[in-house]
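Please look through the sequence and the structure shown here before reading on. The paragraphs after it are meant to be read with both in view.

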Amino acid sequence: MFDYRNNLKQILAKTSGDDQSLQNSLAAIKLIIGMTENEKDAAPSEAKNADSEKQQLESLFSSLAELLLSPGNSKAKKTALAAIHHLMFIQGNTPSFRQSVNKLEQAVRSSKTTKETINKKVFEKALEKKPAPKRDYRKGKRYTVIRLLSGCDLINDSNRRVFTLKESQIHALNLKSGDIVEALPEQNNSNYEAEILRVVGYHQLPSMEVDQISTFKYGVVQGRPGHYSVSRNIKGQKLRIRGKSILLPVDASKFSEGNVPLLDGSIVDLAWYDGDVRIKKDPSEAIKIRWIYEVDPPQTASKIKKKKVKSDKTEEELARLDLDLHYERVGIAVGDNQNEAILEGIVKSYHGIPFAIDAFQGKKKVIENQIKDLDIVILVTAFAAHDSTWNIREFASKYHVKFAVSSSKGFQSFERALYRAEKGLPAYEGNQTIEYQKLEQ
């Protein structure tokens with residue numbers, strides 16, 4: 001710092017008592033003090049300017065790097081232009097420096113987003129690992145399942161029935177009497193009383209409290225309209241009641257969720273109470289259709305001929321649903337990997353990324369690891385009555401993965417399940433009417 005003491009001594013020594021001398025001395029002293037204050041303020045100002053220029057250069061370099069990786073990034077362009085404008089006003093800039101900065105500004109302004117950049121961002125976002133969601137198990141109250149011929153009752157600790165669920169809600173979960181579930185009242189769908197969140201345990205119920213139910217799974221319907229019957233299942237095993245083989249007439253009007261027509265070749269599940277006294281005299285009155293599987297009916301010769309005539313009609317000409325998955329990860333859980341390639345093709349056609357789930361042979365932890373990083377899970381239940389299927393529904397709820405059930409491996413059934421999952425519609429189609437928007441051609 002400038003030492004002004006000697007200067008002040010000299011000025012004071014030469015100052016006389018008249019007004020003019022005093023004024024001249026005062027002016028000289030003010031000048032010296034002003035020079036000292038300017039010198040004092042100059043150093044911080046220069047340091048501050050240097051720090052500001054360094055920050056602007058760092059901001060410019062980082063934003064330019066971002067523009068090289070993602071051309072047209074609006075945020076990076078804005079940051080780079082602001083840094084460039086600041087550098088233009090630095091004192092001491094040469095004409096060549098200003099010319100170079102002007103060229104850089106024009107290059108930044110002309111940066112545009114390319115199709116490759118968009119696709120890269122979409123795929124990177126689709127493949128990046130999802131952050132662990134906040135745990136929200138929506139703790140519902142716990143109930144015990146009492147299985148009915150179709151559907152089930154949920155009872156509380158006081159053995160009072162609280163809810164009755166339809167077969168369409170529980171068929172894929174393979175529930176049985178004694179299962180302990182967590183459930184919440186259903187408020188968004190008037191067709192259902194409650195929603196099962198997950199199965200949490202099991203306890204053996206006393207035989208006196210539960211009506212014993214027998215089932216005959218995957219029975220094959222044969223006959224003509226008004227005269228349908230079941231005598232065997234898809235494995236050729238005969239329908240036996242108390243050790244006696246029977247031919248059971250079946251009527252679709254007695255099926256409570258009759259959204260699937262009963263035809264020659266249909267596959268059904270049958271159920272009856274073992275203690276029903278009508279079993280011996282009139283089995284058709286005691287045995288009920290629990291479930292009708294949605295399967296593609298066998299083609300007749302005439303239909304095959306018609307198909308050959310119109311063989312030039314491609315799959316692309318079929319009506320498509322108004323659905324775009326935006327590269328979401330879609331898990332496909334289907335028994336024995338049946339039709340897996342076809343179902344993966346459907347997912348890809350709607351811009352999704354398919355993942356096969358080894359749900360019917362893997363352990364519970366394996367299933368959980370497969371589901372937790374997905375966006376959507378579709379469970380195909382036809383001919384897949386496996387004990388582990390309810391795990392899929394549990395983990396989908398736990399990790400907030402969109403979930404829906406396809407009751408068959410048919411193209412349309414799976415496609416509709418995909419639509420319901422993406423649009424937040426009911427997981428089970430059931431007997432309700434759901435409007436599926438078609439893509440405008």
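Predicted model: local features only at pLDDT ≥ 70, side-chain atom pairs only at ≥ 80, totals over all residues.

Residues are numbered from 1 along each chain as its sequence is written, and side-chain values use heavy atoms, with hydrogens and water left out.

We begin with the sheets.

Rings of Phe, Tyr and Trp (its six-membered ring) pair if their centres lie within 6.5 Å, and planes under 30 degrees apart count as stacked, over 60 as edge-to-face and the rest as tilted. A search of the whole structure finds three such pairs, and one of them, formed by tyrosine 143 and phenylalanine 163, is edge-to-face, with 5.6 Å centre to centre and 80 degrees between the planes. Tyrosine 143 lies in strand 1 (residues 141-147) and phenylalanine 163 in strand 3, so the pair ties together parts that are 20 residues apart in sequence. Accessibility is described in three classes, buried meaning under 20% relative accessible area, exposed over 50% and partly exposed in between (1.4 Å probe, protein chains only). By this scale tyrosine 143 is buried at 7%, and phenylalanine 163 is buried at 11%.

Another open sheet of five strands has the order 10-7-6-11-12, again with antiparallel pairing, and its edge strands are strand 10 (248-249) and strand 12, each of which pairs on one side only. Strand 6 (residues 213-224) pairs with strand 7 (residues 227-233) over five bridges in the antiparallel sense, with valine 221 opposite valine 230. Strand 6 also pairs with strand 11 over six antiparallel bridges, where threonine 215 stands opposite alanine 271. Strand 11 is in turn joined to strand 12 by five bridges, the two running antiparallel, and leucine 270 has isoleucine 289 of strand 12 as its bridge partner. Six of the seven residues of strand 11 (residues 267-273) are buried, so this strand is largely enclosed by the rest of the structure.

Most residues other than glycine have a negative phi. Arginine 242, although not a glycine, has a positive phi of about 55 degrees; it is found in the loop between strand 8 (240-241) and strand 9 (244-245) and is exposed at 61% relative accessible area. Tyrosine 327, also not a glycine, has a positive phi of about 60 degrees; it sits in the loop between helix 9 (301-309) and strand 13 (329-334) and is partly exposed at 24%.

We end with the spaces in the model. On a 1 Å grid over the protein atoms alone, a cavity is a set of points where a 1.4 Å probe fits but cannot get out, whereas a pocket is an open set with protein on both sides within 12 Å along at least five of seven lines, and lining residues have an atom within 4 Å of a point. Grid points are joined across faces, edges and corners, and a volume is the space filled by probe spheres set on the points. The largest pocket has a volume of about 760 Å³ and is lined by 27 residues, of which Glu186, Glu195, Arg393, Leu425 and Ala427 lie nearest its centre. Strand 4 (179-185), strand 5 (194-202), helix 12 (389-398), strand 16 (402-406) and helix 13 (411-423) each supply at least two residues of this lining. There are two cavities of 30 Å³ or more, and the largest cavity has a volume of about 210 Å³. Strand 12 (288-293), strand 16 and helix 13 each supply at least two residues of the lining of the largest cavity.

Notes
Helix = DSSP H or I, 4+ residues; strand = E, 2+ residues; numbered from the N terminus. Pairing = 2+ DSSP bridges.
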